[in-house]
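Please consult the sequence and the structure shown below while reading.

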Amino acid sequence: MRVAALMLGVIGGLFAMLIGFFSYGYTELASQHAAFAETFGAVDNPDLIRTASFLAPLLAIAGGAMAPARALWGGVLLLIAGGLIYYAFGFSVFTMFPIGFCLTGGLLAIAAGRPDEAKAHF
């Protein structure tokens, strides 16, 4: 389950990165050019979109990478990333897979339970 959480987190983070690139670029373009914002619509909260565009992929990839060694921490990061993607971008055809991958990976990492091998925590 830990390897599945790793793969789902990394893939979900890469998809979220694509969404983040386009969303951040859209907010920058809308703030720089008023005609673009009038034609295609302005964003209500560009700071939220910009922050989520950076943090959500970072949390998803880091959570997926942490899942094999620290399943609880990685799972929590994946769940936060999935929630942040949903809160900032909503649920649409472009966000359904990153949200699904992050949430499923987070649940699998948390369900993995105790470590496979005994290790010192620090």
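Where in α3 is the kink centred? The model is predicted, and in it the kink is centred on Ala-52, with an angle of about 30 degrees.

## Helix α3

Helix α3 consists of 21 residues. From its first C-alpha to its last it reaches 30 Å, close to the expected 30 Å.

## Helix α1

Helix α1 runs over residues 2-32 and has 31 residues. Its reach from first to last C-alpha is 44 Å, close to the 45 Å expected.

Several glycines of α1 are buried, including Gly-9, Gly-12, Gly-13 and Gly-20. The buried set also includes Arg-2, Leu-8, Ile-19, Ser-23 and Thr-27. The packing partners of the buried residues of α1 are α2 (34-40), α3 (46-66), α4 (71-89) and α5 (96-111).

Side chains of opposite charge can pair when their charged atoms come close. The model contains one salt bridge. It is formed by Arg-50 and Glu-28, whose closest N and O atoms are 3.3 Å apart. Because Arg-50 lies in helix α3 and Glu-28 in helix α1, the pair ties together parts that are 22 residues apart in sequence. Glu-28 is partly exposed, its relative accessible area being 27%.

How values were computed:
Residues numbered from 1 in each chain as written. Predicted model: local features only at pLDDT ≥ 70, side-chain atom pairs only at ≥ 80, totals over all residues. Heavy atoms only, no water. Helix = DSSP H or I, 4+ residues; strand = E, 2+ residues; numbered from the N terminus. Expected span 1.5 Å × (residues − 1). Buried < 20%, exposed > 50% of the residue type's maximum accessible area, 1.4 Å probe, protein only. Contact = heavy atoms within 4.5 Å. Bend = angle between axes of the 7 residues up to and from the residue. Salt bridge = Lys/Arg side-chain N within 4 Å of Asp/Glu carboxyl O.
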